[in-house]
Amino acid sequence: MKIIDKYILKSYLIRLVSVFGICLFIFIIQTFWLFIDELAGKGLDILIIGKFLVYYSPKLIPLVLPLSVLLASLMTFGTLSENYEFAAMKSTGISLQRALLSLSIFHIFLGIGTFFFSNHVIPYGELKSYNLRKNLAKLKPTLAIREGIFNEIGLYNIKVEKKYGDNDRFLENVIIHEYTPNKQNNIVIKAERGEMKNEPTEPNLKLVLYNGNRYEEFIPKKIQERNRIPHAKVSFEEYEMNIDLSQFNNIDLDQENIKTSFRMQKINQLNNSIDTLENSFAEEKNIFYNNFSKTSSLSSFISKTKSYNEKAVLPEHVLEFIETEENWKKSTVYSQGITKVRNSLNDLNAKKGQFFAYQKLINLHKITLQEKYTLLFVSILLFLIGASLGAIIRKGGLGLPLVVSVIIFLTYHYIGLFSKNAAEDSSISPLIATWLSTIVLAPFSYILTKRASSDKGFISIYNIYSPILNLFKNSLFKKEHD
């Protein structure tokens, strides 16, 4: 490797690592705020939150890496042009293509590494983060009795009107619903005052109630006894309760119950899943078609068709039988026909929703599969765009290059986002939707690289207004001679 290649590669890698670290940190913070409602108030330590963010961060790489490559390449080559280092290279016979050679080879290997990363690390991170998130969702907020609402604590539902005193240990107007082993609310306790004798963080909560009543509804084995023994009522001046908190939030956060989501699968698993789903979907549609054809009231009039995708044809004059009043009355036939048609339409609409969800699941599998391949080419294309723009605008730093990079990246990102959303409901093919943003980048990168190599600007203002100016001059010239 020559000195010039080492110099360009070193300058680029320093910026790439710096930009990648900053962008990844920003996206992780954004992820934390995105899930703050699910994480806050549950007594989680910093290790659990950090573990969730570490597991979730591989999903951010396909978003962070293209932006980092674009911004780093634009800043690197913009700085080289701004400091006239490119001019010095060209004066010694080094072209732009030669200057891009070492970094192009680097991005080829980077694309291959990103492909293996998306096929192995991202599914594993999705498996861990998704299951951890589901387990965290089972956790209840840390034990805190809030005023005016029912607070579920183990087998009890507690509501207090007011709290006061040291650490809010004294309670007023307490209502407690206790769940019995049959999961029914058969016991209700009401008290004027209450006091918590120890801290809610201890394994057992000791709660003392004053001046209240305890109501319990009995469910006798014989139905005849229900009216004789409806419930029991006990009044008390002081009633002591020990609430067991040992099972409160006793959840295994490392448990993995879901392992078959399409985002957790590798390429070979996705191919197998797509084949299985498509075969099952085709079989499901054929079964529905056959059943609907047999049960429909029009089945005796519909000509035989081979499959669900062929049009059913009604014979001519099929409705003439209602003109004969010997067997049927017209109004009866009409009303029965309308009812049966409505029932058939309801069945079709219900099945349509199921088929739509089935097809959407297949499309999501295909989109996820193709996304793993697009990462091979995105980095090299965005690198060529960024390097060419940097050489053209001749500006480094965080000013204009940052603005241009963000605009290009957002264009690329939203083209992919909108096309994939359209592919989910089969508006366009999942294959086209996934590759659309990459297809748009390819000619754009070629044109920019060609213009940068020939020292042409990005946009020629003269080429925009010159045809308009010539047209205006020609019209004035014709008017003067007319």
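Helices here are DSSP runs of H or I with at least four residues, strands are E runs of at least two, and both are numbered from the N terminus. L101 is partly exposed, at a relative accessible area of 42%. Partly exposed means between the two limits: buried is under 20% relative accessible area and exposed is over 50% (1.4 Å probe, protein chains only).

Two notes on the model. It is predicted, so local features need pLDDT of at least 70 and side-chain atom pairs count only at pLDDT 80 or more, while totals for chains, interfaces and linings use all residues. Residues are numbered from 1 along each chain as its sequence is written, and side-chain values use heavy atoms, with hydrogens and water left out.

**The core**

Which residues touch the most other members of the largest nonpolar core? Select F77, F86, F383 and I385: they do, in a core of 54 residues. A nonpolar core is a set of buried Ala, Val, Leu, Ile, Met, Phe, Trp, Tyr and Cys residues joined through side-chain atoms within 4.5 Å. Color the helices that supply at least two residues each: helix 1 (3-34), helix 3 (46-56), helix 4 (61-82), helix 5 (85-91), helix 6 (96-138), helix 8 (330-393), helix 9 (400-424) and helix 10 (430-453). Helix 4 gives the most, with 12 residues.

Zoom in on F77. Beyond its neighbours within four places in sequence, F77 contacts I8, F86, L100, L103, F383, A387, G390 and A391. Contact means heavy atoms within 4.5 Å.

**Helix 1**

Select helix 1 and check its ends. Its 32 residues should span 46 Å at 1.5 Å a residue, and the end C-alpha atoms are 46 Å apart, so the two agree. The expected span is 1.5 Å times one less than the number of residues. Then pick out the buried residues of helix 1: D5, I8, L9, S11, Y12, L16, V19, C23, L24, F27 and T31.

Go to L63, in helix 4. L63 is partly exposed, at 23% relative accessible area. Leaving out residues up to four places away in sequence, L63 touches F27, F409 and H413. Draw the line from L63 to H413: they are 350 residues apart in sequence but 8.3 Å apart in space, C-alpha to C-alpha.

**Salt bridges**

How many salt bridges are there? The count is 8, taking a side-chain nitrogen of Lys or Arg within 4 Å of a carboxyl oxygen of Asp or Glu. Visit three of them.

- K206 and E240: the closest N and O atoms are 3.8 Å apart. K206 is in strand 5 (residues 204-217) and E240 in strand 6 (residues 231-244), 34 residues apart. K206 is partly exposed at 31%, and E240 is partly exposed at 43%.
- K366 and E278: their side chains meet at 2.8 Å, N to O. K366 lies in helix 8 and E278 in helix 7 (residues 267-295), so the bridge ties together parts 88 residues apart in sequence.
- E371 and K420: this bridge is 2.8 Å, N to O. E371 belongs to helix 8 and K420 to helix 9, 49 residues apart.

Most residues other than glycine have a negative phi. Select N173, where phi is positive, near 50°. N173 is in strand 3 (residues 170-179) and is partly exposed at 36%.

Where does S426 sit? Select the loop between helix 9 and helix 10 to find S426. Its phi is positive too, about 65°, although S426 is not a glycine. S426 is partly exposed, at 40%.
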